[in-house]
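Open the model in your viewer and keep the selection tool at hand. This tour goes from one selection to the next.

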Amino acid sequence: MTSAKHSALDRPHPASMPAVGALARAAPTTHRFSRPRFAILVLAGVYPLITALLYLLLPVLQGWAIWQETLLIAPLMVAMMVWGVIPAIQRRFNRFINPLAG
């Protein structure tokens with residue numbers, strides 16, 4: 001079991017650390033995640049995807065109960081969202097969904 005406490009040897013020497021003013025000037029720009037923007041983009045990706053799935057699968061699923069259709073379509077939709085639509089949105093629209101804070 002490791003101890004959560006650190007010894008004085010683990011910490012850098014104060015003389016090797018930059019001054020507080022230098023840290024303030026060199027602070028990285030912060031980005032703020034925008035849920036409304038992300039939601040709009042996810043909706044734009046989900047709508048055509050679910051529409052295409054329904055057009056493709058509903059003729060094949062005639063006679064199935066609604067819960068059976070949903071049981072088939074929901075996992076397909078989730079997989080396409082998690083491994084396709086959402087990563088694509090995050091890559092292509094990173095600056096739009098993570099605008100500068102301030």
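Helices here are DSSP runs of H or I with at least four residues, numbered from the N terminus. On that basis, select residues 94-97: this is helix α4, and Ile97 lies in it. Bear in mind that the model is predicted.

Stay on Ile97. Its relative accessibility is 2%, so Ile97 counts as buried. Now show what surrounds Ile97. Leaving out residues up to four places away in sequence, Ile97 touches Arg32, Phe33, Ser34, Arg37, Phe38, Leu41 and Gln90.

Next, select Ser34. Ser34 sits in the loop between α1 (20-25) and α2 (35-57). Buried or exposed? Ser34 is buried, with a relative accessible area of 9%. Beyond its neighbours within four places in sequence, Ser34 is in contact with Ile97 and Pro99. A polar atom of the Ser34 side chain also lies 3.4 Å from the backbone nitrogen of Arg37.

Move to Arg37 and show Phe96. Arg37 lies over the face of the Phe96 ring, 4.7 Å from the ring centre.

Last stop: the aromatic rings. How many aromatic pairs are there? The count is 1. Select Phe33 and Phe38: their ring centres are 5.4 Å apart and their planes meet at 55°, so the pair is tilted. Planes over 60 degrees apart would count as edge-to-face. Colour the two by accessibility. Phe33 is partly exposed at 39% relative accessible area, whereas Phe38 counts as buried at 17%.

Key
Residues are numbered from 1 along each chain as its sequence is written. This is a predicted model: local features need pLDDT of at least 70, side-chain atom pairs count only at pLDDT 80 or more; totals for chains, interfaces and linings use all residues. Side-chain values use heavy atoms; hydrogens and water are left out. Rings of Phe, Tyr and Trp (its six-membered ring) pair if their centres lie within 6.5 Å; planes under 30 degrees apart count as stacked, over 60 as edge-to-face and the rest as tilted. Buried means under 20% relative accessible area, exposed over 50%, partly exposed in between (1.4 Å probe, protein chains only). A charge sits over a ring if NZ of Lys or CZ of Arg is within 6 Å of the ring centre and within 35 degrees of the ring normal. Helices (H or I, at least four residues) and strands (E, at least two) are DSSP runs, numbered from the N terminus. A polar contact is a pair of N or O atoms within 3.5 Å; within protein, one must be able to donate a hydrogen and the other to accept it, and residues adjacent in sequence count only if both atoms are side-chain atoms. Contact means heavy atoms within 4.5 Å.
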